[in-house]
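Hi everyone, thanks for coming. Let me put the structure up on the screen, and then we'll walk through a few places in it together.

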Amino acid sequence: MSVDRRSMLKILAGGGVAAASAALPTKARAPLEVPPAAMGMLYDTTLCIGCKTCVVACKSANDRTPDPGPWGEEALYDAPVDLNGKTKNIIKLYKDDDYRSYMKMQCMHCVDPACAAACMLGSLKKNPVTGVVTYNPDYCVGCRYCMMSCPFNVAKFEFDLAVPNIVKCELCSHRIEDEATLTAGFTRYPEGQGPACCEVCPREAVIYGRRDELLEEAKRRIAASPGRYYEDRVFGETEAGGTQVLYLSHVPFAKLGLPEDIGDKGVPDVAYSVQEGIYYKVPFAIPVAMYGALAFVMFRNRKANEGEGGGKP
Amino acid sequence: MGRAELENWRETAESGNQLQRRDFIKAVTMAAAAVGLSSAAAMKVVEAASKGLKPSVIWLHFQECTGCTESLLRTSHPALSTLILDLVSLDYHETLSAAAGHQAEENLLATMEAHEGAYVCIVEGAIPTKDDGIYCKIAGKTALSLVKEVADRAGAVIAIGSCASFGGIPAADPNPTGAKGAPQVLEGKTVVTIPGCPANPYNLLGTVLQFVALGTLPALDEKGRPKFAYGRTIHEHCPRRAHFDAGRFAQEFGDEGHRQGYCLYKLGCKGPATHANCSTQHFGEVPGAWPIGIGHPCVGCTEQSLAFRVPIHTTVDIERPMPPDTYPPISADQGSVSAVASGVAGLVGGGLIGAGWAASKKLGGGDGAEGSSDKEE
């Protein structure tokens, strides 16, 4: 191949001009808003008694096989240590000298979900009306970008299966047959069609409904007992761009595994602002500079080689 | 019902051959309640009985130990006398009948003719089928022909005990007589099976009472067992369940755990795979009188796949594992690598390093040769 330095530089310059002249929007993507009928859950650590009825109900409603966990081969219990390919909902325990609290973990159904943004084929989607993040295995290629992108470490993979799927809470969307109706201030599905964990909870420690209703209820609880809840704050109201599953806790959220200081920007928003910096702010400046530097190194080495082999016949 | 009250009741039930109507109603209502029938249904039984409309019962004995009859003899509300004289008309029962020989046989034929299509046929014991069923004969007839004859003309067929339900002990390997349960012999006919070794008499009483009161049979599962009694596993209502959930097990008979009343699963308890109401309806209403209650693992006598097939002290799989009485921490240690996986990874990694070393040696040799030729030129 005989591309001399002059023609190579010409090509590079041409590419830069072409990139610069292409009409590009200044911002690629606006953060998603709370959908009109966003459904979610509200979990209150002060009410949870750790009975794990929700774990049992979730398993059976979602037809998940038991996970013996640390008991291994004996298979006496369904004892997952964390969310996994067999577990969409789990109750954990936080314990130290000052606090003791149960913690329910499942998909947060983010207002602007990182997993759906990361999913290259649209297998994970946010329902435009209810905002529930659902998964369609038909398009999934198993890249697991959703797992890496999730700020709450929720999406899991069926590592033990030959044809694995992504596993995460879909707010029991598969159970819904009839429209939700408003009863006594809360949006309700007919019995047996709402999220299984909320339906079976004996203390209503986790309830479901529209996000605005739940937020109102959470604030009512905070107002009714000031000081009962950590920082008088509802986790999920604004965190990570807002989530549709909300938490009230008497323990600092960070101790329960919730990224307290995640900020108010959604993960996709953060990711896009980085990309924006690279590709849009000064169009292609950074890639051009990087490839330019690479080309410079290559040409310098080539020249050095040519100089060495100059004596060849 | 307290124990004293129970004793009281037993006395009146046993001494009272002159059973008052009030006592009779009480007996029927309690029996009905014990098996989940409403008091309205109980009143129907009382009415039917007072009109003399008692269903005729023919009780057949085949390959068995008579344990089911023996346990029925020990029920007390209603007492057996109430049951066989006031509630039903027990017209043929080889153990209990006063008649014998030809007289008994005549009674059987007369009953079948008089109550054709209405009598209840209760089968106790397995039916031998090998060599045309010659291994069990009554009055010159084989059990096989007898059960077909009686069941064909019956209004309802009930198999009591594990032997009649699925073969039980007579059908255990190597089954020399080709013993089978009543449902297998009477194909195409609805047979209510009340397995158990022996069967809890209340499950029979409930079935018979419903037939008497409403003329219907209880809802059955796919093995013909009444759902009111066999709908759930023993494990689900076991009084030792809390110990199971907490991981507290008796490891051997007589050890500290066994004395503390811990879970008997590791001693071979079949409770997690056995559908029966033993844990809620104790045997012959004596409190705690059932295997697990007295410290022995359940042997799974109501399950065809377990009873007399799986050794008594062999553990079974848990049908539907539930969470234990522990909690995972907020962030658990994840991703432990198994020995096999690390071995495979080691082999692959080692192979790659070896291949890389061999390749680099080859390349290095080539470069060296080129270099030397360059120098020569």
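Let's begin with A:Gly263, which is partly exposed because 13 other C-beta atoms lie within 10 Å. On this scale, a residue is buried if 20 or more other C-beta atoms lie within 10 Å of its own, exposed if 12 or fewer, and partly exposed in between, with C-beta atoms placed from the backbone. You'll find A:Gly263 in the loop between strand S11 (245-248) and helix H7 (267-281) of chain A. Helices (H or I, at least four residues) and strands (E, at least two) are DSSP runs, numbered from the N terminus. The C-alpha atoms of A:Gly263 and A:Thr238 are separated by 7.9 Å, and these two are 25 residues apart along the chain.

A bit of housekeeping. This is a predicted model, where local features need pLDDT of at least 70, side-chain atom pairs count only at pLDDT 80 or more, and totals for chains, interfaces and linings use all residues. Residues are numbered from 1 along each chain as its sequence is written, while chains are lettered from A and ligands numbered from 1 in the order in which they are written.

Now, a sheet in chain A. Three strands form an open sheet with mixed pairing, in the order S10-S1-S11; two strands pair if DSSP finds at least two bridges between them. Strand S10 (206-210) and S11 of chain A stand at the edges with a single partner strand each, so one side of each has no neighbour in the sheet. On average, neighbouring strands here are turned by 20° against each other, direction ignored. Strand S1 (residues 39-44) of chain A pairs with S10(A) in the antiparallel sense over five bridges, and A:Gly40 stands opposite A:Gly209 in S10(A).

What packs on this sheet? That is helix H6 (residues 211-224) of chain A, touching S1, S10 and S11 of chain A. Its direction makes about 130° with that of S10(A); axes are lines fitted to C-alpha atoms, for helices over the stretch in contact, and angles run from 0 to 180 degrees between N-to-C directions. Contact between two residues requires their C-beta atoms, placed from the backbone, to lie within 7 Å.

On to the cores. The largest nonpolar core has 74 residues, and A:Met41 is one of those with the most contacts inside it. Such a core is a set of buried Ala, Val, Leu, Ile, Met, Phe, Trp, Tyr and Cys residues joined through C-beta atoms within 7 Å. Apart from it lies another core, of 62 residues, including B:Ala42 and B:Cys121.

Over in chain B, strand S7 (residues 156-160) and S9(B) pair in the parallel sense over four bridges, with B:Ile158 opposite B:Val192. From strand S9 (residues 191-194) of chain B, B:Val191 and B:Thr193 point one way and B:Val192 and B:Ile194 the other, and all are buried.

Most residues other than glycine have a negative phi, and most peptide bonds are trans. A:Cys172, not a glycine, has a positive phi of about 50°, and this residue is buried, with 24 other C-beta atoms within 10 Å. A cis peptide bond joins B:Asp173 and B:Pro174, with omega about 5°. The bond from B:Cys197 to B:Pro198 is cis too, with omega near -5°; B:Pro198 is found in the loop between S9 and helix H10 (201-214) of chain B.
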